[in-house]
Amino acid sequence: MADRSGPAVYSIAAHRGFADALVAGLLPRYREADVGLARLTLLLPSQRAARTVTEAFIRLFGEQGLDGLLMPRMAVVGDLDLDETLGPLLDPLGQGTQTPPAADPVRRWLRVAAIIADTMGADAPRGAALLRLARETCQTMDRLLVEDIAPETLLGDKVIGIVGDQADHWREATRLFLTVQNAWLDELDARGEIDAATRRNRLFERAAAAWKEKPPANPIVAAGVTSAAPALARLLRVVSELPRGAVILPDLDLDLASDEDAWSELGRAGATDSPDGEPFGLHDAVTHPQFHLKLLLNRMGINPGEVRPWHRAGVAAASPARSHTISSLFLPPRASACWVDLPPERRRLSGVRLMESATPEEEAQAIALLVREAIDVPERRVAVVTPDRSLAMRIVAHLRRWHIDADDSAGRALSQTAAGRVFLLLAEVMAQQAAPVPLLALLGHPLTGAGHDRASWLDRVRALDLRLRGPRPPAGLAPLEGVVRKAAPGDDGALVWWQHITDILAPLLDLAEQEDALFSDMLAALTTAAEALCGTAIWAREDGRALARLVEDVRDKAADAGTLLNPAELPAVLRDLTDTVAVRPPYGGHSRVAVYGLLESRMTRADLVICAGLNEGTWPQKPGPDPVLPPAVLRALGVPGADFRIGLSAHDLAGALGAPQVVLSRSARDADGPAVPSRFLLRVQALLGRDLIGQHSAQDYVALARTLDHADQSPPYPRPEPCPDADQRRVDVSATALDRLRSDPYQFYAQAILRLRSLDPLDDEPSARWKGEIAHAILERWHLHGGSLHTIAEQVLDESNAHPLMRNLWLPRLLAALDWVEREMATIGRGKPVAVEAKGEWNYRGVLIHGRADRIDALDDGALTIVDYKTGSPPSGKEVQNGYALQLGTLGLIAANGGFSGIEGTPDHFEYWSLGKNRDGGFGYVSEPVMEGRKKSGIPREDFLAKTCEFLDDALDRWILGREPFTARLNPDAPGYSDYDQLMRLDEWMGRDTDDSGAGKA
């Protein structure tokens, strides 16, 4: 850097590869014989950048055959302890004034939430919504502080005038922000602290002043820093003017900067004609990839003509023509009119291919194939860059097919890891008072069960799962003890196991009973419960360590701030917290394959770069306005708008396009439906034109991905017609199963022969079967023991652990129907019940026919009445007539043949007593499927038993004693159940099956 006639500002072109080109130039310029690069200080934008530069040095040493070298000191410009990192460079004698400490960001977040609650009073949001508002307020404070905007600026006439023209909600939001900010600043003054962004600005100003007054003897180079924060820009200006200093920018387009008209088309970018002028215009091209670099140069006071190219190239450099094409690709709108006259060599993107898949899953598969092929070449490095975390995880999963463990440097959200899920499930168990879904998810989690045999632990969880199916039981742990007893009758070990769980979870549920509890106390209780359930495994891996750091930090600050929280809000608050923590994998992945987010990809380079997820809303992401201050106010203050981030993502893509080989990938659909191609991808397609775009296709990999998992179309699945042997057919037939046998023989086969039963979901709505069981239990107890039906109903619901909400919704209807039963029984006057919930059986033709009669009445003439209670609508006379509802007739046959102990007589009446709504608007009515009087359907009373026996004989002859297959949906029009539809694969053949030769022949 011999020419010091002006500031030393350089740009590394995209095709050179920033990190590799940087170290290739630093080594010959700053290397000293005895100390290597130890006297050099590198100012870098992030810890990730420091790691990338370190890896680039290692590659360079390997390429040049160097045994070793002392590395430069690397300082991150955003570090709150930058003064300690720079040490003597900032304060040679250690006598300088100390910068006040920074306020802890977690404590600030919690205190700002408290200030908002006090300011808004009864109108303040609560719980998670309040903490989200506090987080957004803190982020807006930081945006203003980074831009060197003092709090009093918001009270200036210019801003006040703009606020007055805004909508009411913006005026209220601005007023709230000013009040909260002033209260927080007063609190900071009392504690002797400053905000983190303010401390960074002061450190930058302190370093700039010290180095300008007395330049350091050792070299200082700022590399890859693109933040345009005013204080940082002033520091970079000073660094560029140091005798042995330099500022090295990534991917500044010198071709564009040298074209005055195109450069000016980007807009003001912070350059104003007057001190009171707005730094950003309405038509500034903030979405352009060079806009933020123009803003940085303007704030540094650097003319673009003063920026010189960096002539060293990295080990993975592309052709210089690539940078010229990238420049043409991202020309501003008016300047891009020159595309019409561009020669082919300026439009050709040699080494860049386009790939479009149908779905994200197909895209991930095709990308995995690209990676797998690439690493077959020795020493070839591959990077996948995408802001879509879901797509990144799919790609990583597909790479495991070939045992490639990709280094996913963006990591996963803590909420999606094993340790994070345990903590969130504990919070949900607490908030929902041990509801079945979170409770069973917690107990079945892979980390739980520390100190117990895993197999027996899971056996007990499964047994509890089966007993909790159906409607939710009452809240709390106490009602679940009876469920555990029923799940494992006679197993004392199960009760000991449940007591262990109760001891762990009881403190959480005690806290949940409070209207508001200390946030710190709830975190401490969750920590204790997690350790008791999981042992040290909860903290053992990288996700556990990240969780431990988060919990310890938030717990201590919440205790200091005295934050109160409703326990019901705890899961939402914890999810917001854990979603913001990225858990990155430890070292040990594949050395030549990496998956990056956009931030992680900056300054990196690989031989093949795959840019994935190039759809609008993903890359670039949809910008969101600041939720606290109106856009007009931010623009007047000189804060870049929401679209500014689109320009940053465009710059990320421009940098990725500099790799030797690049694949730009998108899917035609995403999770929400058809997707729109990214505006950046559309520019690439427009630049290439129709003639060249076909030469840049990577669709072969999409076709290969489809072939990889392709299977020949399976033959159409036929309607199931199982035909078991004679021994398997010989099963008992219940009164209700006879209906199922005749209407849908396959369902009878699945239930009676295969012995399969459907399971109710957890936390299910009360099903008709469940309501029927409750109603039958109430009526049975009333018929046998008398008493108040209302009291008995309450007792039965208590014993069934019915949830209070469900009871309150259903109980009034049930009690109204029971009152009707009581009145009806008092007025029938033609007989009396002789059996309730009576079991009966009849051995007919070697087959046991059995059933349970809800009630049998003996009439004065010696005949019997068979009564069946229904909580809904009873079968119609048409269904009975066609032989699809034979329960009453079958029970009548059992009774007529002495199948019910102690009951003699011939059934003559067959009644359904429905507890459903009647025609008068009340509840309860009697229906008899007998064709007499004006009825047009049913079976004549005198033929009822004979006709039922005829249907029974037909069923026995065809299926139980015969050889006819148990055809699925033999009678499609017959009423039935859907329990076995999936087993019979109904959707695969219903409607397609044209062979109805067997249908309707029951």
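Predicted model: local features only at pLDDT ≥ 70, side-chain atom pairs only at ≥ 80, totals over all residues.

**Stop 1**

Start by selecting the six strands of the open sheet, which come in the order 7-16-15-8-14-9 with parallel pairing. Look at the two edges: strand 7 (352-357) and strand 9 (407-408) each have a single partner strand, so one side of each has no neighbour in the sheet. In general, the strands of a sheet pair through backbone hydrogen bonds, parallel or antiparallel.

Now zoom in on strand 8 (residues 382-385). Four bridges link strand 8 to strand 15, and the two run parallel. Click on Val-384 and look across: Ile-610 in strand 15 stands opposite.

**Stop 2**

Follow the chain into the loop between strand 15 (608-611) and helix 27 (631-637), and pick out Gly-613. Is Gly-613 buried or exposed? Gly-613 counts as buried, because its relative accessibility is 6%. Show its contacts beyond four places away in sequence, and you will find Glu-363, Thr-386, Leu-391, Thr-618, Trp-619 and Ser-665.

For background, most peptide bonds are trans, and most residues other than glycine have a negative phi. Hold on to that second point for the next stop.

**Stop 3: two residues with positive phi**

Go to the loop between helix 17 (418-431) and helix 18 (436-443) and select Ala-434. Its phi is positive, near 60 degrees, and Ala-434 is not a glycine. With a relative accessible area of 4%, Ala-434 is buried.

Next, jump to the loop between helix 39 and helix 40 (986-989), where Arg-969 is found. What is the phi of Arg-969? The value is about 45 degrees, positive again in a residue that is not a glycine. Arg-969 has a relative accessible area of 17%, and since buried means under 20%, Arg-969 is buried.

**Stop 4**

Why is helix 38 largely enclosed by the rest of the structure? Nine of its 10 residues are buried, so the rest of the structure encloses most of the helix. Among these buried residues are Leu-888, Leu-891 and Ile-894. The buried residues pack against helix 32 (735-743), strands 20 (831-844), 21 (847-859), 22 (864-870) and 23 (907-917), and helix 39 (944-960). After helix 38 comes Gly-898, with a positive phi near 70 degrees.

Now move over to helix 39. This helix has 17 residues and reaches 23 Å from first C-alpha to last, close to the 24 Å expected at 1.5 Å a residue. Its buried residues include Phe-944, Cys-949, Arg-958 and Trp-959.

**Stop 5: the cavity**

Finish with the one cavity of 30 Å³ or more that the structure holds. To see its lining, select Trp-109, Ala-128, Leu-131, Arg-132, Arg-135, Val-573, Asp-576 and Leu-577. Helix 5 (127-146) and helix 25 (570-579) are the elements that give two or more residues to the lining. Which helix gives the most? That is helix 5, with four residues. Colour the lining by class and you will get five nonpolar residues, three charged and no polar ones.

Notes. Residues numbered from 1 in each chain as written. Heavy atoms only, no water. 1 Å grid on protein atoms, 1.4 Å probe; cavity = no way out; pocket = protein on both sides within 12 Å on 5 of 7 lines; lining within 4 Å. Points joined across faces, edges and corners; volume = space filled by probe spheres on them. Nonpolar A, V, L, I, M, F, W, Y, C, P; charged D, E, K, R; others polar. Buried < 20%, exposed > 50% of the residue type's maximum accessible area, 1.4 Å probe, protein only. Contact = heavy atoms within 4.5 Å. Expected span 1.5 Å × (residues − 1). Pairing = 2+ DSSP bridges.
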